[in-house]
Amino acid sequence: MGVAGVAFVAFAAGSGSGVTKPPEALLDFTPAELAQIAAHGPWPPEPRPDASNRVLNQTRAQAWGASLFFDVRLSAGQQLACASCHQPHRAFQDGLTTAVGRTAGQRNTPGLLDVAQWRWLGWDGAHDSLWSASLTPLLSDGEMQQTVPALAQRVRSTPELAAGYREAFQKALPVDDATLVVDLGKALAAYQASLVSERTPFDDFRDALSRGDAASAASYPLAAQRGLRLFLGEGRCTVCHAGPSFTNGEFGDVGIPFFVPGGVDAGRYKGLEKLLASPYNRLGGFNDAGVQDPRAVSTRHVTLQPRHFGEFRVPSLRQLTHTAPYMHNGSLARLDDVVMHYSELPVERLHTDGERILRPLELSDQQAADLTAYLRSLSR
Ligand code: HEC
Ligand code: HEC
């Protein structure tokens with residue numbers, strides 16, 4: 001844990017006039033740690049191609065999707081829009097423990113920044129595309145409470161919505177109701193795919209290290225550097241929170257209780273059942289790439305296994321300071337609470353799979369503060 005002298009180079013090289021940021025210092029990261037750090041970038045990532053949605057990159061569809069996202073006319077009662085829960089000024093979530101639509105939900109509303117990166121969508125992975133994940137809230141009873149025929153009828157009979165469709169898709173409205181409704185999902189997806197989170201202090205640090213610019217790297221707070229070392233090493237956080245988005249895109253159980261009023265939330269187990277039964281998955285007839293879609297392979301090969309019970313998707317760790325409360329049920333209010341959770345982990349509640357990776361970290365106060373400082377540096 002020695003401290004290299006480079007920080008003072010940064011100071012000496014300062015312009016000498018005006019306010020110079022006080023120098024921090026740079027931990028002596030090992031080559032292995034440097035490689036791990038580099039793997040958490042670069043940011044922003046390349047957009048992920050998705051041939052299942054033919055309008056994904058089309059500006060007309062993106063613009064219409066943006067207006068639909070704020071349009072209460074898509075909901076049965078004309079009171080709820082996507083943006084009611086996914087609020088732009090809160091990184092597209094709502095700050096609530098669990099969502100409240102027409103009725104109270106059981107899960108925390110996820111933010112939508114970087115949403116085009118995920119292979120599986122929803123805390124339970126019940127969706128394999130952004131457009132199918134955008135249909136569910138429209139058609140779910142507790143949310144916007146539409147049916148396919150009623151929603152199609154709403155679009156057909158609202159001149160502005162019908163005109164919006166023709167402009168976005170450059171064609172007449174499809175006769176088939178389901179095709180029309182799926183196209184709403186595809187326009188909504190085109191908009192949401194443009195929501196990419198901003199670069200963070202960690203990204204500047206990571207890039208500075210990658211180009212060997214120790215002087216710039218040293219302006220990254222020492223507490224965050226120590227937290228990063230914990231994150232990569234002892235904490236083993238990167239096993240699941242990997243890569244530029246800090247998620248391996250898969251599912252896990254980290255000991256968050258899955259009891260809900262009247263039963264349990266089976267998580268990935270139920271999610272997979274829903275995914276495989278859905279007419280809107282990548283194997284169904286609404287995939288614009290048909291059987292050629294390279295991304296349909298995962299859907300074809302997933303199988304339902306008992307270990308999926310009580311697993312939830314590994315969330316991204318970017319922009320966390322804007323997305324409290326945390327976890328699938330919003331049960332942890334602050335980042336300190338999350339760090340405390342991993343510190344005191346209830347091992348008896350974990351799956352055998354989880355136990356192999358996770359154990360209570362029993363962090364000192366200093367270590368807990370460092371890890372929180374690191375997590376905070378993943379936000380702008
Ligand atoms: C009542 C609040 C509410 C409304 C309205 C709502 N959502 Fe959501 N949204 C949620 C919740 C809660 C989840 C998590 C669902 C789950 O995991 O089962 C979610 C999940 C999502 C996801 C998956 C995100 C991810 O990271 O996997 C997408 C995409 C999404 N919503 C888009 C939309 C769109 C588009 C609309 C409008 C058509 C909409 N939502 C309306 C609450 C809402
Ligand atoms: C075994 C895989 C795994 C490991 C290891 C792991 N996590 Fe997680 N993490 C998850 C899963 C899964 C969730 C969501 C759990 C839930 O909602 O029930 C999560 C949730 C989180 C959240 C909440 C994010 C949000 O938006 O709600 C934070 C913060 C977090 N983890 C940080 C860490 C840190 C720090 C470490 C290391 C000390 C770590 N994780 C280790 C899988 C893991």
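This is a predicted model: local features need pLDDT of at least 70, side-chain atom pairs count only at pLDDT 80 or more; totals for chains, interfaces and linings use all residues.
Biologist: OK, so how do α2 and α11 lie relative to each other, and how do you know?

Modeller: Helices here are DSSP runs (H or I, at least four residues; strands are E, at least two), numbered from the N terminus. An axis is a line fitted to C-alpha atoms, for helices over the stretch in contact, with angles from 0 to 180 degrees between N-to-C directions. The axes of α2 (residues 31–38) and α11 come within 11 Å and cross at roughly 90°, so the two helices are roughly perpendicular. E33, Q36 and I37 of α2 meet L228, R229 and L232 of α11 (contact means heavy atoms within 4.5 Å).

Biologist: What makes the arrangement around the iron atom of ligand 2 what it is?

Modeller: Donors are N, O and S atoms within 2.8 Å of the metal (3.2 Å for Na, K and Ca), and water isn't among the atoms, so sites may look incomplete. The protein supplies H241 (NE2) and Y342 (OH), 1.9 to 2.1 Å from the iron. Six donors count as octahedral if opposite ones are over 155 degrees apart and all others between 65 and 115. Angles here are 87 to 179°, so octahedral it is.

Biologist: Which parts does that pair tie together?

Modeller: H241 sits in the loop between α11 (222–232) and β3 (251–252) and Y342 in helix α14 (residues 335–344), so the pair links parts 101 residues apart in sequence.

Biologist: Are C82 and H86 buried or exposed, and how do you know?

Modeller: Buried means under 20% relative accessible area, exposed over 50%, partly exposed in between (1.4 Å probe, protein chains only). C82 comes in at 12%, so buried; H86, at 17%, also counts as buried. UniProt's unreviewed entry gives C82, C85 and H86 as "binding site"; such annotations may be inferred rather than shown by experiment, and positions follow the numbering used here, with feature names shortened.

Biologist: And why is helix α9 called mostly covered?

Modeller: Seven of its 10 residues are buried, F202 and F205 among them.

Definitions and conventions
Residues are numbered from 1 along each chain as its sequence is written. Chains are lettered from A and ligands numbered from 1 in the order in which they are written. Side-chain values use heavy atoms; hydrogens and water are left out. Four donors count as tetrahedral if all angles lie between 85 and 135 degrees; four count as square planar and six as octahedral if opposite donors are over 155 degrees apart and all others between 65 and 115; anything else is irregular. Angles under 35 degrees count as roughly parallel, over 145 as roughly antiparallel, 65 to 115 as roughly perpendicular and the rest as oblique.
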